[in-house]
Amino acid sequence: IQEVTTYIQSLKIPSFVKKDPKLSIIGTPELLSQMSSYKTSTTINISSPSFSSISAGLMNGVAPTSAEKDSVSLAISGLINHGDQKSLHDYSAVFKSSILKNEISSDLKYDGTNYFVKVPNLTELLQDNAPAEGVVSFSTGQTDLMLDELPLKWKERVGDSNLYKIVARGLPDYVSGIVASSFKDFILNSDITSKDGEDIGGVPTYHYSLNADRSSTKKLLSAISSIFISDPVSESQKTLDEVVGSVSTDSIEVWIGKDDNIVRKFKASFSVPLSKVVGLDDKSIGDNIVRVDLQTSFSDFNTTDTVKMPQTAINIQDFTKVIRDMKIKNRVYSFADSARMLRNAEGSYGKKSNTNGSCVAPVSGSLFSPLGHTKGASVAVSSVAIVMTNALALTNNTGSCYSTAKDWAVAFPLVSEPTTLFCSDSKGTSKVITSPLTKTSCE
């Protein structure tokens with residue numbers, strides 16, 4: 001009797017005793033955190049009315065009725081090793097979408113101090129702007145370096161997230177603090193129904209379905225979302241709260257090992273109104289929904305697998321320089337279109353020549369100056385000014401700009417190699433040069 005009492009108090013129920021499934025679910029995160037290692041696999045699939053249907057609906061004011069769907073899916077599998085007094089992570093990820101021809105695969109490793117992220121082949125998405133494939137390394141305090149290279153709108157949203165918590169921590173760490181309380185309430189307030197048992201990865205399991213209480217579900221989702229948002233009163237949090245509040249739970253299933261009473265598999269399906277996802281309550285959206293299917297499994301408990309870290313990697317500081325160079329080149333490439341607009345509006349590349357080569361203080365009436373142009377050229381003048389402002393912002397106002405009525409050339413220093421410049425001219429030449437630009441030609 002004393003032995004049984006001790007087992008019950010410690011929740012370590014003998015394998016021949018069927019444990020309360022709610023206690024097994026609640027206790028699994030703590031048990032995983034105590035293991036020397038385990039493997040996990042998660043798939044997330046999101047489907048919605050096709051983007052073309054949504055776009056058509058927004059244009060003609062009629063809600064999408066087509067059965068055609070677009071989807072995105074993310075599959076993540078990984079090994080978490082708690083050996084050597086620090087947590088080591090090794091994840092691989094595959095991203096697929098119905099709007100992409102090819103899948104995108106990557107992986108992330110964490111040695112307790114530094115992250116190693118594989119830069120995948122992004123040619124289909126970014127074409128010539130895609131960075132070279134390779135491995136980038138960064139420490140916890142260096143995540144802001146990547147944020148600086150994102151477009152402002154993305155930077156505001158991603159910067160509002162706690163990236164460390166998103167990529168560094170495993171499930172046991174998520175279900176802690178305020179989340180632990182919400183998670184416990186969620187499970188205890190759910191009705192559980194037994195289903196036919198199944199083997200998961202060769203392990204016999206008990207199979208259950210959960211009918212979750214809507215109030216506790218909302219509290220749990222809100223608590224989980226708070227992990228990823230640094231500022232609880234930010235617009236990102238407010239938007240996320242609205243989405244979370246509109247979530248409907250379609251089904252929840254869980255599989256628990258018969259021998260160890262540990263969750264082996266978890267599966268859930270949720271529905272969210274499309275209007276909440278796109279942030280637009282309009283008849284053009286209608287009552288269409290976005291469906292989210294989630295599945296997570298755990299296996300290979302306390303195995304001897306080790307996490308192998310990359311032998312070579314480019315530091316994130318050097319990688320961001322490469323990204324900055326790409327952005328500089330894009331600005332230079334786009335200048336040709338703006339210059340062409342001005343020539344079409346005025347009949348030349350400016351009424352005057354910019355012979356001093358200054359991009360910051362150009363001659364009034366020249367191609368690079370916002371002053372001294374005809375009134376009908378205001379749109380083109382504005383386009384030139386925007387391109388030049390963006391380019392100079394990337395190079396600390398350093399660059400060379402030469403122009404006459406017939407020709408022009410611009411050159412800006414590259415960040416990765418300060419002694420080189422990227423040059424483009426009116427003849428269609430775009431190239432890296434090693435000497436200062438002194439005329440209206442890159443040659």
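This is a predicted model: local features need pLDDT of at least 70, side-chain atom pairs count only at pLDDT 80 or more; totals for chains, interfaces and linings use all residues.
Biologist: What makes the contact of lysine 109 and aspartate 90 a salt bridge?

Modeller: The N to O distance is 2.9 Å. The rule asks for a side-chain nitrogen of Lys or Arg within 4 Å of a carboxyl oxygen of Asp or Glu, so this pair passes. Lysine 109 sits in strand E4 and aspartate 90 in strand E3, 19 residues apart. Strands (E, at least two residues) and helices (H or I, at least four) are DSSP runs, numbered from the N terminus.

Biologist: How do you know that E3 and E4 pair?

Modeller: DSSP must find at least two bridges between two strands. Strand E3 (residues 88-97) and E4 have seven, in the antiparallel sense. Six residues lie between E3 and E4 in their hairpin.

Biologist: Why is strand E4 called mostly covered?

Modeller: Count the buried residues: five of the seven in E4 (residues 104-110). E4 also pairs with strand E5 (residues 114-119), antiparallel, over three bridges. There, tyrosine 110 has tyrosine 115 in E5 as its bridge partner. The hairpin of E4 and E5 has three residues between the strands, and glycine 112 takes a positive phi near 100°.

Biologist: How many salt bridges does the rule give?

Modeller: The count is 10. Among them is lysine 39 with aspartate 300, at 3.3 Å, N to O. Lysine 39 lies in strand E1 (residues 37-49) and aspartate 300 in the loop between strand E11 (289-299) and strand E12 (314-315), so parts 261 residues apart in sequence are tied together.

Biologist: What relative accessible area does lysine 39 have?

Modeller: It is 29%, so lysine 39 is partly exposed. Aspartate 300, at 34%, is also partly exposed.

Biologist: Which residues are linked with Arg291 in a network of salt bridges?

Modeller: Asp250 and Asp293 join Arg291 in that network. For aspartate 250 and arginine 291, the closest N and O atoms are 3.3 Å apart. Aspartate 250 is in strand E9 (residues 248-257) and arginine 291 in strand E11, 41 residues apart. Aspartate 250 has 38% relative accessibility, so it counts as partly exposed.

Biologist: What makes cysteine 359 and cysteine 401 a disulfide?

Modeller: Their sulfur atoms are 1.9 Å apart. A disulfide needs a pair of cysteine sulfur atoms within 2.5 Å, so the pair qualifies. The torsion about the S-S bond is about 100°, so this disulfide is right-handed. Cysteine 359 lies in the loop between H13 and helix H14 (378-394) and cysteine 401 in strand E13, so the bond ties parts 42 residues apart in sequence. Cysteine 359 has 7% relative accessibility, so it counts as buried. At 0%, cysteine 401 counts as buried too.

Biologist: In what order do the strands of the open sheet lie?

Modeller: The order is E13-E14-E15-E16, with antiparallel pairing. Strand E13 (400-403) and strand E16 (430-433) are the edges, since each pairs on one side only. E14 (residues 408-413) and E15 (residues 421-425) share five bridges. Phenylalanine 412 stands opposite phenylalanine 422 in E15.

Biologist: Which helix lies across E14, E15 and E16?

Modeller: It is H13 (residues 316-346), running at about 165° to E14. Such angles run from 0 to 180 degrees between N-to-C directions, with axes fitted to C-alpha atoms, for helices over the stretch in contact (heavy atoms within 4.5 Å).

Methods
Residues are numbered from 1 along each chain as its sequence is written. Side-chain values use heavy atoms; hydrogens and water are left out. Buried means under 20% relative accessible area, exposed over 50%, partly exposed in between (1.4 Å probe, protein chains only).
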